[in-house]
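Here are my notes on the model you sent. I go from the single chain to the pair, then to the sheets and a few backbone details.

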There are 2 protein chains.
Amino acid sequence: MVKITDVARHAGVSPSTVSYALSGKRPISEETRQRIEDSIRELGYRPHAGARALASSRSNVLALVVPLRAGIHVPVVMQFAVSVVTAARRHDHDVLLLTQEEGEDGLRRVADTALVDALIVMDVQLHDRRLPLLRGLDRPSVLIGFPASPDGLTCIDLDFKAAGELCVEHLAGLGHRVIGLVGSPPEVYVRETGFAQRVVQGFTAAADRNGLSSSVHPCEAAPAAARQIAEQLLRERPALTGVVVHNEPILEPLIDAFEALGLRVPGDLSVTAICPDEMAERARVPVTSIAIPADEVGAGAVELLMKKLGGGTVPEATLLSPRLAVRASTMPRP
Amino acid sequence: MVKITDVARHAGVSPSTVSYALSGKRPISEETRQRIEDSIRELGYRPHAGARALASSRSNVLALVVPLRAGIHVPVVMQFAVSVVTAARRHDHDVLLLTQEEGEDGLRRVADTALVDALIVMDVQLHDRRLPLLRGLDRPSVLIGFPASPDGLTCIDLDFKAAGELCVEHLAGLGHRVIGLVGSPPEVYVRETGFAQRVVQGFTAAADRNGLSSSVHPCEAAPAAARQIAEQLLRERPALTGVVVHNEPILEPLIDAFEALGLRVPGDLSVTAICPDEMAERARVPVTSIAIPADEVGAGAVELLMKKLGGGTVPEATLLSPRLAVRASTMPRP
DNA sequence: TTCCCCCGTCGAAGCGCTTCGACATCGCGC
DNA sequence: GCGCGATGTCGAAGCGCTTCGACGGGGGAA
């Protein structure tokens, strides 16, 4: 293994000079730097990560905790993970993968052993049990998702309330007066997953603001449930002309169910959704939708962490504005 | 930060004794060990990962390279990742997440900087560009998937050839005489992804062995393509009564297409698939299928790596036997 | 009883890097 | 012509842990 002393000898300088040339923490003459770089290339030098971590008390590794639970849309999780890794690499950091199963102990372990410099936690619940731990940890963290009170934490996510509102505004703008929200399975609300509730809040607030008649319907993530909900909506709210769907697996089955019941989308019923773009695009009827901007969220989380690691201060809450992509599933009320 | 010397002082022993008590590399009297453990607990000691890595030249971290490419079924990738992390934790190791995008440089980097002790590479192609690198690296690796020649490497995967055979044997056992394989998109074969070709090999070999009439049909991963293939099969092979599907996204659309063309599954046509269990279970007609045992593969990869890290020798090829779950989509030939 | 060996423990020497203080050199202003 | 700050480099001291060789004491074999 070639080490920094080898490089130093080869370049005719001291090890510390090589170190400073590498880190840029002290000025090095252009000429010397060049010589050092040549030596590094020639010898194929790679600094030892462990030694570096020990001496600098920085491992240049971030922890990423991914959720495993049922009801989580896996491709979206993967998108987050990839965008976090990609963003981390831009800052010369690597990413350690933790599963939620490891729980609080896992977080404590990687933090206390200095394996990682900072942590990113996905799928935060309103009253997440990990919050006190994260607050007390001696290293910075960023949450993807919002707990009930983000005091002392740093959180980033799509602004789901605004997303709910935006869907409603879109429908209202098209003249719809009676709308419904088909939401996530009941257990998601019980579990107090913040984003689901926030969609409901935004939906309801915007409907009220616009003087619309609105209703909210939690729904299991199974095709059969979609059918039931569709029938129920027709029965209970015959004047319904607009639907917001916040339940990925059910989007297509629900549209199918409406059509099977004789409602054309968008002819008789306009549908908007909060779901990944590729899902909205590939549906039988391409769906007007708001996507979760996984790339932005992941990259944003990393940027926030880097700022914190650099000693900067960051806002407790970062809400990404929803963007509505208009597709074929919505049209003006007939 | 509490360090090993603190523990040693507190327990009235030398630091080396604490170290040996922790690692078990030298005998320590029960009494002393107990005292040390108490001190550790009382002080909340956590060994510093970097220091440990430096002194022992073991980081206790594995690299996992996940694929990003289109045509890869994301939930399966996630399953692999989770099972690797879980298995690694059982061996007191952590997992560093690398994206394929980082390519060979990423592998070299984490290996050369001693950030990781060993590597797991997913989605290996027949003539993968990373193979020479992996062979030359000074740390062990395990491939999930098989290249053209695994010489000098360690590979593990489902035995896709056997899977292809098993599907055919199942159909043959039910009396079917004319069968077809609906495969992956053409580019998957062009790309020389081993597993797709191996399914074809197994399918063809078993069909020949059983004296069946067989045909192979690559197929795009889009519903429209499913419809086309269904029509083509009916036209070109009217006597067809058995189909093997090796193309996740198309499984359901294909069954739909067959039924739309007047063929009942399994009444007129028996269908088997190689796909995740939950997909097979949730289809309109639950599909007789062979699943990719992501848990076993991931855990197996870690076990192999641990054995190699421990100085043991392991077989170059580990093929996991396919298991066929019989469901509602197959029945004896009428 | 003597010798040997094993068990349990210690001390010290690193592992490869960063960083702090020191120092020499140079150019500038006065 | 002198002092001073800026610039560029060096040496040495760790960072916290593992591991090697050494060593004292106790038990078994001869």
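1. **Domains.** Domain bounds here come from an automatic or database domain assignment. The model is a predicted one. Chain A is split into three parts: domain 1 (4-47), domain 2 (61-158 + 294-320) and domain 3 (160-292). Note that domain 2 is written as two segments, 61-158 and 294-320. How far apart are the C-alpha centres of domain 1 of chain A and domain 3 of chain A? They lie 60 Å apart.

2. **Overall dimensions.** The C-alpha atoms of chain A fill a box of roughly 85 × 35 × 35 Å along the principal axes. The radius of gyration of chain A is 25 Å, whereas a compact globule of 334 residues would have one near 20 Å. By secondary structure, chain A holds 14 helices and twelve strands.

3. **Symmetry of the pair.** Chain A superposes on chain B with an RMSD of 0.1 Å.

4. **The interface.** How many residues does each chain bring to the contact? Chain A gives 29 residues and chain B gives 29 residues. On the side of chain A that touches chain B, α4 (49-56), α5 (74-90) and β2 each supply at least two residues. The most comes from α5(A), with nine residues. By residue type, this side of chain A has 18 nonpolar, six polar and five charged residues.

5. Twelve strands form one open sheet with mixed pairing. The order is β11(A)-β5(A)-β4(A)-β3(A)-β1(A)-β2(A)-β2(B)-β1(B)-β3(B)-β4(B)-β5(B)-β11(B). Its edge strands are β11 (317-320) of chain A and β11 (317-320) of chain B, and each pairs on one side only. Neighbouring strands are turned by 25° against each other on average, direction ignored.

6. **The join between chains.** One bridge to inspect: A:Leu97 has B:Val95 in β2(B) as its partner.

7. In chain B, β1 (residues 61-66) and β2 (residues 94-99) pair in the parallel sense over six bridges. There, B:Val66 has B:Thr99 in β2(B) as its bridge partner. On the chain A side, helix α6 (residues 103-112) packs on the sheet. Helix α6 of chain A touches β1 (61-66), β2 (94-99) and β3 (118-121) of that chain. The direction of this helix makes about 150° with that of β2(A).

8. **The six-stranded sheet of chain B.** This open sheet has the order β7-β6-β8-β9-β10-β12 and mixed pairing. β7 (213-217) and β12 (324-325) of chain B stand at the edges with a single partner strand each, so one side of each is left without a neighbour in the sheet. Strand β8 (residues 242-245) of chain B runs parallel to β9(B), and four bridges join them. In this part of the sheet, B:Val245 stands opposite B:Ala273 in β9(B).

9. **Helices on that sheet.** Helix α8 (residues 160-173) of chain B packs on the sheet and touches β6 (178-182), β8, β9, β10 (288-290) and β12 of chain B. Its direction makes about 165° with that of β9(B). Helix α10 (residues 194-209) of chain B also packs on the sheet, touching β6, β7, β8 and β9 of chain B. The direction of α10 makes about 165° with that of β7(B).

10. **Backbone points to check.** Most residues other than glycine have a negative phi, and most peptide bonds are trans. A cis peptide bond joins A:Val265 and A:Pro266, with omega about 5°. A:Pro266 lies in the loop between α12 (251-260) and β9 (270-274) of chain A. In chain B, a cis bond joins B:Val265 and B:Pro266, again with omega about 5°. B:Ser57 has a positive phi, near 50°, and is not a glycine. B:Ser57 sits in the loop between α4 (49-56) and β1 of chain B.

Notes:
Residues are numbered from 1 along each chain as its sequence is written. Chains are lettered from A and ligands numbered from 1 in the order in which they are written. This is a predicted model: local features need pLDDT of at least 70, side-chain atom pairs count only at pLDDT 80 or more; totals for chains, interfaces and linings use all residues. Two strands pair if DSSP finds at least two bridges between them. Axes are lines fitted to C-alpha atoms, for helices over the stretch in contact, and angles run from 0 to 180 degrees between N-to-C directions. Two residues are in contact if their C-beta atoms, placed from the backbone, lie within 7 Å. Ala, Val, Leu, Ile, Met, Phe, Trp, Tyr, Cys and Pro count as nonpolar, Asp, Glu, Lys and Arg as charged, and the others, Gly among them, as polar. Copies are superposed by least squares on the C-alpha atoms of residues with pLDDT of at least 70 in both. The radius of gyration is taken over C-alpha atoms; the globule rule is 2.2 Å times the number of residues to the power 0.38.
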